[in-house]
Amino acid sequence: MSIAIQCDSLCKQYRIGGQAPYQTIRESIVNSFTAPFRFTNDLIRKARGTDGQNRFWALKDVSFEVEAGDVVGVIGRNGAGKSTLLKLLTGITEPTAGHASIHGRVASLLEVGTGFHPELSGRENVYLNGAILGMKRHEIVKKFDDIVQFAEVEDFVDTAVKHYSSGMYLRLAFAVAAHLEPEILLVDEVLAVGDVGFQKKCMDKVSQLSRNAGRTILLVSHNMGAISTLCNRTILLEQGGLIGNGPTQEMISQYMSVTEDRTNQTLAERTDRRGDGRLQFTDAFFCNSEGQPIAAALSGDDVQIALRFQVQDNVELRSPLFKFFLRDTYGNMLFICSSKLTGDQLSTITKGGIAYCSIPRLPLVEGEYFLEINCAVDGYHYVDDITDAAKITVVRGDYFGTQSQYKHPYMYIDHKWSVVQDR
Amino acid sequence: MSTFVRHIRPSKGWSTLKLRELWEYRELVLFLIWRDIKVRYKQTILGASWAIIQPFLTMVVFSLFFGKLGKMPSDNLPYPIFAYAALVPWTFFANGLAFSSQSMVASANLVKKVYFPRISIPISSVLSGAVDFGLAFSVLLGMMAYYGLAPTVHVLWLPLLLLLALTAALGVGLWMAALNVLYRDVRYIVPFLVQLWMFATPIVYPSNLLPKFWRPFYALNPMVGVIEGFRWALLGTETAPGMMILPSSLVAITMLVSGVIYFRRMERHFADVV
């Protein structure tokens with residue numbers, strides 16, 4: 001197999017703070033006068049080893065190879081450098097150091113509908129956007145009908161896109177991009193557009209591109225479902241560095257187990273709490289079924305919610321009751337987990353520890369959720385209660401084990417179907 | 001698999017002009033011009049007639065104040081046509097300069113999300129003024145008919161004079177477009193610059209008001225050559241602009257070349273700072 005993309009210690013540094021992203025002329029004149037002093041200052045700072053405090057590496061020493069025909073996923077948390085990597089590979093911005101070579105015609109899709117002009121009609125935007133993405137005029141002419149059909153906007157091609165619904169707009173924009181025929185396609189988080197049916201169509205299009213047409217695809221996504229369906233290999237980035245490169249499933253589980261640096265301080269220092277304070281929560285987080293903390297949980301996985309607490313000296317809490325409420329980002333309460341409801345008899349607490357609540361096959365859809373956590377004794381006597389004590393992240397996973405990409409609105413529910421036919 | 005290989009590495013010093021790449025993207029330049037033209041007068045009542053109204057009304061005001069009240073000499077021509085023949089190329093230049101200097105910032109979203117030769121943005125915004133020029137020019141021909149003035153054979157030079165105006169507009173526009181990405185002061189400088197520049201150009205007055213000795217220096221302003229050339233070619237004014245075209249062209253070409261080089265040098269930072 002030949003190499004399609006080769007990255008060799010790719011680095012990208014950005015400045016933060018210190019200097020505004022763009023200067024006024026006055027500032028730069030002032031800077032040019034102070035430059036000699038700054039040079040000496042820099043030397044001093046370098047000698048002290050404090051240089052670079054207002055710079056940060058969006059990408060540092062990233063090296064990997066992608067073989068022609070591979071579909072490679074790029075995952076990592078926000079700010080890990082995924083988008084920066086794609087921007088470097090497309091040539092939008094230059095690396096600070098390092099080298100990459102790309103063998104073949106590249107097209108990138110960092111955003112759906114780049115260059116769409118609201119005043120122009122759908123037809124005109126297809127031509128404009130196609131040209132911006134690097135298509136030749138005759139290619140666009142040839143594919144025009146396919147694009148419009150794919151986008152399901154046949155009746156509106158001559159309407160200005162500002163009158164389109166947002167769904168139509170996104171569909172048309174994606175359709176143009178989907179008909180690009182580069183040898184290498186770089187895609188950033190654009191599969192999550194439109195309604196469920198259209199998302200499926202997009203996914204099918206991408207996998208068709210890779211399977212039938214042998215395209216090399218680099219796909220950045222937070223949608224682990226899409227990554228695991230489409231990609232045969234995955235790259236894991238963390239704080240600008242490459243920390244994993246291998247088979248997709250391994251990389252996804254590695255990503256899930258990366259523990260967030262949590263500061264236990266914040267929860268312990270919270271004062272907006274109710275209860276007599278004999279017990280205080282210090283942390284609340286997701287664990288996998290073995291009790292290892294995880295940054296995010298996958299829908300359908302067996303997980304545990306862990307509530308770390310400490311107790312005051314010489315305190316004895318008999319038959320404590322733990323409980324948490326789970327709310328979505330809109331504040332709707334989705335469910336309550338309570339040891340009173342389950343009837344679990346918990347042993348008497350005399351010192352700090354962790355209360356675990358295990359949830360088999362997490363039924364939450366992807367998103368962020370907030371926990372209100374609560375401990376009570378003697379029925380309803382609150383010892384500690386904190387609202388929005390923790391934010392937990394759920395990533396889309398395969399709840400039913402059928403690789404369905406159907407997007408569920410709120411929650412999954414375990415169920416089974418059968419048919420009994422009339423005799 | 002094609003043998004096409006692209007290398008991505010930090011560029012050092014003065015980069016190449018990559019004109020070949022620009023040629024490969026010529027269709028995009030055409031599409032951008034076409035977009036600018038289509039969009040410019042959308043959702044306006046008067047539409048493309050704005051291209052005529054602007055220079056025409058300016059001509060009316062100038063004729064009133066400078067021609068009628070100020071008794072400004074006008075190369076023995078009726079003042080309205082004297083002024084309008086200058087305003088048509090001047091409007092093309094001034095709009096081209098204004099559009100191109102704003103173009104990079106206005107296309108920030110494009111620059112941050114897609115790669116293509118960035119220089120196609122200011123180029124297309126200058127060229128998109130050609131349609132407006134055409135409309136205003138047709139009115140000029142109408143006025144010439146009204147005043148009974150036939151164009152001279154020198155009219156054959158007109159395309160070259162227009163090219164000179166284009167070169168000057170693009171040269172300054174490239175500098176301003178690149179500077180505008182880094183320094184937003186440009187937004188305030190350009191309208192001011194255009195205003196001052198207009199008075200440094202023989203639009204409301206003829207250049208023969210200046211002593212003969214100074215005229216070649218005066219013509220270091222490239223628009224001097226363009227405008228004297230327009231009047232000479234169309235209206236047959238006596239000031240044959242030979243000695244003016246030369247310095248004007250040299251300055252315009254210098255500005256264009258330096259503008260392209262500066263733009264190329266700065267463009268690698270555009271996506272990071274715009």
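Trainee: Two strands pair if DSSP finds at least two bridges between them. In this predicted model, which residue of β16(A) is the bridge partner of A:L326?
Mentor: The partner of A:L326 is A:L371. The strands concerned are β13, residues 321–328, and β16, residues 367–377, both of chain A, and eight bridges join them.

Trainee: Parallel or antiparallel?
Mentor: Strands β13 and β16 of chain A run antiparallel.

Trainee: And how many bridges link β16(A) to β17?
Mentor: Ten bridges, again in the antiparallel sense, connect β16(A) with β17, which covers residues 381–395 of chain A. Within this pairing, A:Y382 of β17(A) stands opposite A:A376.

Trainee: What about the hairpin of β16(A) and β17(A): how many residues lie between the strands?
Mentor: Three residues lie between them, and A:D378 in this hairpin has a positive phi near 50 degrees.

Trainee: Changing topic, in what order do the six strands of the open sheet come?
Mentor: The order in chain A is β5-β6-β7-β3-β8-β9, with mixed pairing. Strands β5 (106–109) and β9 (241–247) of chain A are the edges, each pairing on one side only. On average, neighbouring strands of this sheet are turned by 15 degrees against each other, direction ignored.

Trainee: How do β3 and β7 of chain A run?
Mentor: They run parallel, with four bridges between β3 (residues 71–75) and β7 (residues 216–220) of chain A. Here A:L218 in β7(A) has A:V72 opposite.

Trainee: Which strands does helix α2 of chain A lie across?
Mentor: Helix α2, residues 82–90 of chain A, lies across β3, β5, β6 (184–188), β7 and β8 (233–238) of chain A. The helix runs at about 150 degrees to β6(A).

Key. Residues numbered from 1 in each chain as written. Chains lettered and ligands numbered in written order. Predicted model: local features only at pLDDT ≥ 70, side-chain atom pairs only at ≥ 80, totals over all residues. Helix = DSSP H or I, 4+ residues; strand = E, 2+ residues; numbered from the N terminus. Axes fitted to C-alpha atoms, helices over the stretch in contact; angles between N-to-C directions. Contact = placed C-beta atoms within 7 Å.
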